[in-house]
Amino acid sequence: MSKSAQSEYPPLSILPAHVGIIMDGNGRWARQKGMLRLAGHRAGVENLRQVLRSAVELGVPIVTLYAFSTENWTRPEDEVRGLMRLLAEALEKEVDELHKNGVQLRHIGDLTPLSEILKAQIQAAVNLTRGNDRLIANIGFNYGGRQEIVSAVRKLILEGVAPEDLSEEHISDRLYTAGLPDVDLVIRTSGEFRISNFLLWQSAYAEYYISPAYWPDFDKDEFYRALKAFSERDRRYGGLKQS
Ligand code: IPE
Ligand code: IPE
Ligand code: MG
């Protein structure tokens, strides 16, 4: 990962501190090529490596990647099993390299229903890379925005926080993304215009960018286009534009 690669692209006036990516379209990518959906997921995992490198080169410090939602369990059993296997394989093959490249891997979501082996692999990757600071990469696996808010509220009830003391910070600090800034930009691939339960709380004032590319085809040029679009947005947060 070289920093100088950023000069391939004209510099941008402002970059998002935190980018969320809904990695969608693996199945359609595969079907379009006459392949099985799982081949699309495999290509999607391959692409993830490229995109993480691009994030570093383009100067994005935090990415959150939506890999498996709490709703994706409703897919056919063999697809769900295949996705679990792909995550295990990716962790096995990629973690050392990511660690060498200074990537801090984190998990967001509920680990409970995952196999003991997968849980241990995820925890090992998180522990190994904890001290890295070149890029923070949150992987949403069995992640759902509503489930995340419910789990935060459950913690608050257990802590006995009084209703009159409750603030937005109380919730933010108990989400999986506690301590990280809210997401500034959410990118969704494959041309779909919906949020599908991703970072519901953290995206309150996010900008959206819909890429027509299926996830396996989402490359550095397209990532840059999303960042450029972001840099041209006028974010007002409910206030008025300065004149
Ligand atoms: C995204 O690709 C990956 C996951 C949701 C696991 P899809 O599997 O949703 O691909 P499409 O949307 O069916 O093309
Ligand atoms: C969103 O994609 C979830 C992930 C990318 C992990 P889906 O393909 O599951 O979402 P819908 O079904 O189009 O809303
Ligand atoms: Mg999809």
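I began with Ala152, which lies in helix α5 (residues 145–159). Helices here are DSSP runs of H or I with at least four residues, strands are E runs of at least two, and both are numbered from the N terminus. The model is predicted: local features need pLDDT of at least 70, side-chain atom pairs count only at pLDDT 80 or more, and totals for chains, interfaces and linings use all residues. Residues are numbered from 1 along each chain as its sequence is written, chains are lettered from A and ligands numbered from 1 in the order in which they are written, and side-chain values use heavy atoms, with hydrogens and water left out.

**Entry: Ala152**

Is Ala152 buried or exposed? I noted it as buried, because its relative accessible area is 0%. The cut-offs are under 20% relative accessible area for buried and over 50% for exposed, with partly exposed in between (1.4 Å probe, protein chains only). I then checked a distance along the chain. Ala152 and Asn138 are 14 residues apart, and their C-alpha atoms are separated by 18 Å.

**Entry: ligand 1**

I listed the surroundings of ligand 1 next. The residues are Met23, Asp24, Gly25, Asn26, Gly27, Arg28, Arg37, His41, Ala67, Asn72, Arg75 and Leu83. A residue is near a molecule if one of its heavy atoms lies within 4 Å of it.

I looked up the polar contacts, meaning pairs of N or O atoms within 3.5 Å; within protein, one must be able to donate a hydrogen and the other to accept it, and residues adjacent in sequence count only if both atoms are side-chain atoms. A polar side-chain atom of Arg75 is 2.6 Å from an oxygen atom of ligand 1. For a polar backbone atom of Asn26, the distance to a ligand 1 oxygen is 3.2 Å. For one of Gly25, the distance is 3.3 Å.

How much of ligand 1 does the protein cover? I found 86% of the 370 Å² of accessible area that ligand 1 has on its own. Accessible areas come from the Shrake-Rupley method with a 1.4 Å probe, and for residues only the protein chains shown count as cover.

Ligand 1 sits in the largest pocket. A pocket is an open set of points on a 1 Å grid over the protein atoms alone, where a 1.4 Å probe fits, with protein on both sides within 12 Å along at least five of seven lines. A molecule sits in it if more than half of its atoms lie within 2 Å of its grid points.

The elements giving two or more residues to the shell around ligand 1 are α1 (26–32) and α2 (37–58). Helix α1 gives the most, with three residues. By class, I counted three nonpolar, five polar and four charged residues in that shell. Nonpolar covers Ala, Val, Leu, Ile, Met, Phe, Trp, Tyr, Cys and Pro; charged covers Asp, Glu, Lys and Arg; the others, Gly among them, are polar.

**Entry: ligand 2**

Ligand 2 also sits in the largest pocket.

Which side chains make polar contacts with ligand 2? An N or O atom in the side chain of Asp24 is 3.2 Å from an oxygen atom of ligand 2. For Arg75, a polar side-chain atom lies 3.2 Å from a ligand 2 oxygen. For Arg188, I read 3.2 Å as well, again from a polar side-chain atom to an oxygen. The protein covers 78% of the 390 Å² of accessible area that ligand 2 has on its own.

**Entry: the loop between β5 and β6**

I placed Ser203 in the loop between β5 (185–188) and β6 (207–210). Ser203 counts as buried because its relative accessibility is 7%. Its side chain joins that of Tyr208 in a polar contact of 3.4 Å.

I checked backbone angles too. Most residues other than glycine have a negative phi. Ser190 has a positive phi, near 75°. Ser190 is found in the loop between β5 and β6, and is buried at 7% relative accessibility. Asn197 also has a positive phi, near 70°. Asn197 has its place in the loop between β5 and β6, and at 13% relative accessibility counts as buried.

**Entry: Pro212**

Last, I found Pro212 in the loop between β6 and α7 (220–231). Pro212 is exposed, because its relative accessible area is 63%. Pro212 and Thr189 are 23 residues apart along the chain, and their C-alpha atoms are separated by 6.0 Å.

Notes:
1 Å grid on protein atoms, 1.4 Å probe; cavity = no way out; pocket = protein on both sides within 12 Å on 5 of 7 lines; lining within 4 Å.
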